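Let's take a first walk through this structure together. Have the sequence and the 3D view at hand, and follow along as we go.

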Amino acid sequence: MKFYLAPLEGITGYIYRSTYHKYFGEIDKYFTPFISPNKKKICRTREKNDILPENNAGMYVVPQILTNHAGAFLNTVHYLQDYGYEEVNLNLGCPVGTVVSKGKGAGFLAYPDKLRAFFDEIFCHTDIKISVKTRIGMSHAHEFALLMDIFNEFPLFELIIHPRTREDYYKNTPDWESFAYGYERSRTAVCYNGDLYAKRDFELLVNQFPRLENVMLGRGILRCPGIISSIKYGTEMTKEKLQGFHDELFERYKETLPGEKPVLCKMKELWSYLIYSFEYDAKIEKRLKKTQKCAEYESIIQRLFSEYDLCG
């Protein structure tokens with residue numbers, strides 16, 4: 001079984017990825033948060049820093065591209081090839097309204113004819129490995145049959161399926177029946193993505209799909225960075241390792257970001273997931289959300305690690 005880290009915008013950038021890799025590892029592929037090329041520029045400074053080889057040493061990294069324009073996709077591919085990349089990923093899953101309204105991400109799924117034409121053009125003009133991360137449709141699961149027909153027309157390197165529609169956002173439960181449809185009919189390798197928060201979730205998935213070879217975790221890793229070791233070896237994450245990971249990540253953000261406010265925004269967003277690793281109470285969570293100073297934040301985190309147990 002191969003394990004992938006999902007791209008989460010604003011969270012799993014190169015600082016998070018490289019720190020995670022140092023303390024936990026066990027990831028076969030790291031996917032970058034999406035690059036969104038426009039008419040003026042392929043990569044913004046933040047996106048460029050995220051794909052620089054020196055910021056991703058020792059990891060297999062796949063840049064993700066968000067666009068519905070074949071020319072912009074191909075220009076980005078050529079740009080990435082200059083940095084040595086041999087695989088890219090197309091984002092057909094982002095459910096955010098500002099993305100979907102432009103017909104990008106999951107919004108592209110509403111235009112199957114345009115999607116087919118897009119694939120026809122990009123596969124005619126590049127031989128780079130192209131994987132796709134997709135949802136099963138915009139509004140209804142029955143849309144997935146046509147989408148699978150389109151995917152199967154082209155030599156995709158891999159198909160990563162998050163079995164929710166765009167309208168589901170991250171609500172409801174993943175549609176395993178639709179995933180089974182794609183899993184059985186895909187002409188290329190399939191990867192599962194969605195709601196793997198604990199070892200028991202993984203075991204249920206593998207029992208249902210015993211030939212599955214690839215899984216992608218996102219929010220599950222953010223909630224419990226040690227989840228893959230738990231799945232593979234039955235070893236539980238220790239507070240010492242988690243605190244080492246946290247402290248180094250915090251220091252690197254302080255060294256890189258311009259001031260306390262952006263650092264605390266990063267850390268609070270991380271803790272909106274990571275708090276689930278602890279048997280916490282509402283009071284300390286509230287204090288964490290309200291803090292405005294790094295010194296106060298450090299005091300709260302120290303108390304959290306010293307007084308609260310990790311979830312079993």
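## A first look at the sheet

In β9, Cys 191 has Asn 214 as its bridge partner. That pair belongs to a set of three bridges joining β8 to strand β9 (residues 214-217), and the two strands run parallel. To get from β8 to β9, the chain goes through helix α8 (residues 199-208), making a right-handed β-α-β crossover. Keep in mind that this is a predicted model.

Now step to another neighbour of β8. Strand β7 (residues 158-161) is tied to β8 by four bridges, and again the strands run parallel. Here Leu 159 sits opposite Val 190 of β8.

Why is strand β8 (residues 189-193) largely enclosed by the rest of the structure? It comes down to burial: four of its five residues are buried, meaning under 20% relative accessible area, so the strand is largely enclosed.

Zooming out, β8 is part of an open sheet of nine strands, in the order β3-β2-β1-β9-β8-β7-β6-β5-β4, with parallel pairing. At the edges stand β3 (61-62) and β4 (64-65); each has a single partner strand, so one side of each has no neighbour in the sheet. For β4, two bridges link it to strand β5 (residues 87-92), and the two run parallel. Ile 65 has Leu 90 as its bridge partner in β5.

| Strand pair | Bridges | Residue pair |
|---|---|---|
| β7 and β8 | four | Leu 159 and Val 190 |
| β8 and β9 | three | Cys 191 and Asn 214 |
| β4 and β5 | two | Ile 65 and Leu 90 |

What about helices lying on the sheet? Helix α1 (residues 14-23) lies across β1 (2-5), β2 (29-31) and β3, and runs at about 160 degrees to β2. Helix α6 packs on the sheet too, touching β5, β6 (129-134) and β7, with its direction at about 160 degrees to that of β7.

α6 (residues 144-152) also has a helix beside it: its axis and that of α5 (residues 112-125) come within 10 Å and cross at roughly 15 degrees. Angles under 35 degrees count as roughly parallel, so that is how α5 and α6 are described. The crossing of α5 past α6 is right-handed. Pro 112, Leu 115, Arg 116 and Phe 119 of α5 make the contact with Leu 146, Leu 147, Ile 150 and Phe 151 of α6.

Terms used:
Residues are numbered from 1 along each chain as its sequence is written. This is a predicted model: local features need pLDDT of at least 70, side-chain atom pairs count only at pLDDT 80 or more; totals for chains, interfaces and linings use all residues. Side-chain values use heavy atoms; hydrogens and water are left out. Buried means under 20% relative accessible area, exposed over 50%, partly exposed in between (1.4 Å probe, protein chains only). Two strands pair if DSSP finds at least two bridges between them. A crossover is right-handed if, with the strands pointing away from the viewer, the path from the first strand over the helix to the second runs clockwise. Axes are lines fitted to C-alpha atoms, for helices over the stretch in contact, and angles run from 0 to 180 degrees between N-to-C directions. Angles under 35 degrees count as roughly parallel, over 145 as roughly antiparallel, 65 to 115 as roughly perpendicular and the rest as oblique. A crossing is left-handed if the near helix is turned anticlockwise from the far one by less than a right angle, and right-handed if clockwise. Contact means heavy atoms within 4.5 Å.
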